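Here are some short notes for a first look. Please keep the structure open while reading.

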Amino acid sequence: MAGESRQWTAALLVIGDEILSGRTQDKNVAQVALWLNHHGIRLSEVRIIPDDIGRIAATVNELRAAHDYLFTTGGIGPTHDDITVDAIAAAFGVPVVVHPVARKILEHYYRGRPGGLTDARLLMARVPQGAELIPNPSSGAPGIKIENVYVMAGVPGIAASMLEALTGKLEGGLPIVSVTVGARAPESDVADLLRETEAANPGVAIGSYPFFKDGRYGANFVIRSEDGDLAKRTGDELSSKLREAGYEPVEGGL
């Protein structure tokens, strides 16, 4: 694992007209972000784009060059609008081939199931030439890895199983630890206090997230650091300063 001086980053590319139209609500951003954090990798960018081969290929090339890792979700199923594999192949300038191991996995998965391995289902064995497979314990059809790009299903449960199969296999830094301090304190009233606390504790970042509950304003202040002890100490310090300033604490935030 890398030391603290190395900040590992990833981007997530969410692919699908159904996400942009609002028909489907994306649930992968949160689970990918949490999984990456566990590996000491910061999800620093998320993009949602339509089912367009040119757009996908161009965005893949941009994001994979700018980050250590790029994850994509969506568009690797058996229907005509599942074009992610073709777009990834276009991004890398390689042909699409049927992966022999993926084919065997699908043959085994669909053996005895109604319809068997149809031509449509066989589409899920297509990969950009040179790609490796990401195991999929949920539904058989594997994900794809090519260089630093990880291509996963859009269905959250299947994406989660692919992430589980990748656990411990990516290089990263230290996980980010978060400590939340809640108070009935409007952000504008404590901006200087937050800035001073962050400056006095190198290695932490403090984010502010307002809320309105029971007719009153307040905010959750989230302290993040690769050093868990430092995050906790800074949280205790901030909590004390807020109490001293007369702001009512909200245990655990809201």
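1. How much space lies in the largest pocket? The answer is about 520 Å³. Bear in mind that this is a predicted model.

2. Start with the residues around that space. The lining of the largest pocket counts 32 residues. Nearest the pocket's centre lie Gly74, Gly75, Asp82, Gly154 and Val155.

3. Next, the elements that supply the lining. At least two residues each come from β1 (8–15), α1 (17–21), α5 (100–110) and α7 (156–166). The top contributor is α7, which gives three residues.

4. What is the lining of the largest pocket by class? It has 14 nonpolar residues, 12 polar ones and six charged ones.

5. Now look at Ala10, which sits in strand β1. Strand β1 is one of the elements that supply at least two residues of the pocket lining. Is Ala10 buried or exposed? Ala10 is buried, because its relative accessible area is 0%, and buried means under 20%.

6. For a sense of distance, take Ala10 and Met124. They are 114 residues apart along the chain. Their C-alpha atoms are separated by 25 Å.

7. Why does Val46 count as partly exposed? Its relative accessibility is 36%, and partly exposed covers the range between the 20% limit for buried and the 50% limit for exposed.

How values were computed. Residues are numbered from 1 along each chain as its sequence is written. This is a predicted model: local features need pLDDT of at least 70, side-chain atom pairs count only at pLDDT 80 or more; totals for chains, interfaces and linings use all residues. Side-chain values use heavy atoms; hydrogens and water are left out. Buried means under 20% relative accessible area, exposed over 50%, partly exposed in between (1.4 Å probe, protein chains only). On a 1 Å grid over the protein atoms alone, a cavity is a set of points where a 1.4 Å probe fits but cannot get out, and a pocket is an open set with protein on both sides within 12 Å along at least five of seven lines; lining residues have an atom within 4 Å of a point. Grid points are joined across faces, edges and corners, and a volume is the space filled by probe spheres set on the points. Helices (H or I, at least four residues) and strands (E, at least two) are DSSP runs, numbered from the N terminus. Ala, Val, Leu, Ile, Met, Phe, Trp, Tyr, Cys and Pro count as nonpolar, Asp, Glu, Lys and Arg as charged, and the others, Gly among them, as polar.
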